[in-house]
Structure formats: C-alpha cells, structure tokens
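Please inspect the sequence and the model before working through the solutions.

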Amino acid sequence: MIQADAVFSQMPKIIGHRGASGHAPENTLAALRKAAEITTSFVEIDVTITRDSVAVIQHDSDVRRCTNGTGPILLKSLEDVRALDAGSWFAPEFEGERIPTLKEAVGLVQELGLGLNLEIKPTAGWQIPTTKQVAKELLDCWPDALPLLISSFAVECLIEVRRYLPDVPLGYLTSAIPPDWERRMAEYDCASLHCERHYVTKDHVDAIKSAGYRVLVYTVNDPEEAKKLLDWGVDAVITDFPDRIFSKLGQ
Ligand code: G3P
Ligand code: MG
C-alpha cells in the first residue's frame, strides 16, 4: 500500500463523486469509465456488503433508488444483487448496468489507472463485518502501486480498517466539522478530513491545514464554489461533474 504522503501527492484537486455520477449511474463501472473518459484521475465510490458477505459498490442500504429492485442490500445475496438493473433509473442507454463487486471495481480502477477514495458505507449496525470483509478483499486485490484513501462516516469502520491496513491513509468523513475535530483526527489516525460543502469556512481550512491534515469537500458541483474552496486551500473537491470544474480551472 502506498503511504499517506505519496497518496496525497498523487491526488488531484478534483475527484469524481460515485465515479462521474453526473454523467452515468452512480457507483457503476460505467461511472468509472466516464470519469476516466473526462480525464478524472481519482474517484470516490461507496462500498457495502451483501447477505453472503461480498463487498459491492452501492451508496444506499436499500436498492430502491438506484436499481429496478427494492429492499435492503444486506438481505440480498450477491446473486440477487447481480440480477438488478442499476442503469435504467439513470437513463435508458445504461440499461443492464450492474451493481459492481468491489473486486470488479478495483480491476477497472487498475485498468484505467485511477486513484481511489473508497468510502465504507455499512448498513447501520453492520460496521464491523462490512469493514472486515472490505479489508480482506482489498488485501487480496488492491494493486500496491495505486493510490488508495479510505474514508467513512462510521468511526467503527475507521478503527477496524486500521487493524488490517496499517498504512492506508484514512479520511474522517463528516457533514459539519465537529468542534473537537483535532482530537478525533488523532484518535482515529486520520490524514484527511472530508466535510460537506455547506459547513466549511476558510477558518476551518486554515486551522485543519495548519494542524497538518488534508481537507476534502463534497459534493461541489458549482465551478465558482469549487474555485473559491480551492483558493482557500482545500486539497480536493469531490464532484458529480468533474468536467465543469476542469473548465472553470482552465484544465
Ligand atoms: O465521500 C464523500 C461523500 O460521498 C460522502 O457522502 O452520501 O455522497 O456518500 P455520500
Ligand atoms: Mg460517498
């Protein structure tokens, strides 16, 4: 695994959210391909597990919003999950797109040469088994030369993943920045703080950067706002539309 400094030195200022989810169904292989096509070199995706303990790329605990099925993903086998259409809800041209397994997504990330921010997104209550399985699969399949940053809203996941992956940089993921963020960053051995765009101020960015941590902000789709945040010193913005921000920055 690449160490934190090397991961951040390879991290661009613009990261594709759930792939390039403004242009293709989120968290699918199509969204990863689209990100690469529009020259995004780093993507964020969400990972959870199925009933039979296979890590799959999915944001919600229920498959209703992003597939033609319904019900909790934790109660479905991989076979059930693979039978779902995860593309048609977004646009007819994506019909037949599937929920990818983590291993498939990693394979494609490797083929495309992308860096990855993997967000562990357990069904509530299933933080530990989800993290154990994700870590086990990453130890099997993660290509050592590629940058990997793991984040989660669930601190149990951060603690658990550290047991298996001692070197991987961890991101403390939150909506609003907690008043005791500095204590939490140290406690969970995090290298970066990832916060929601509404809650971040320039003072936060200055303080977090002065303490030696990176700051990532999601989900920033307005190019003007992205420019402002990057001018403040935010290390990267996570966006559904990397191409819009590239245009604004003249890239
Ligand atoms: O990791 C940043 C962002 O993805 C966190 O929120 O709900 O889009 O996973 P969410
Ligand atoms: Mg996410």
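**Exercises on strand β2**

In the hairpin of β2 and β3, five residues lie between the strands, and serine 53 adopts a positive phi near 60°. Helices (H or I, at least four residues) and strands (E, at least two) are DSSP runs, numbered from the N terminus. This is a predicted model, in which local features need pLDDT of at least 70, side-chain atom pairs count only at pLDDT 80 or more, and totals for chains, interfaces and linings use all residues. Residues are numbered from 1 along each chain as its sequence is written, chains are lettered from A and ligands numbered from 1 in the order in which they are written, and side-chain values use heavy atoms, with hydrogens and water left out.

**Exercise 1.** Determine which strands β2 pairs with, where pairing requires that DSSP finds at least two bridges between two strands.

*Solution.* 
1. Strand β3 (residues 55–57) is antiparallel to β2, with three bridges; here isoleucine 49 faces alanine 55.
2. Strand β1 (residues 14–17) runs parallel to β2 through two bridges, and histidine 17 is opposite glutamate 44.
3. Strand β4 (residues 115–120) is also parallel to β2, with six bridges; glutamate 119 is the bridge partner of aspartate 46.

Key. Two strands pair if DSSP finds at least two bridges between them.
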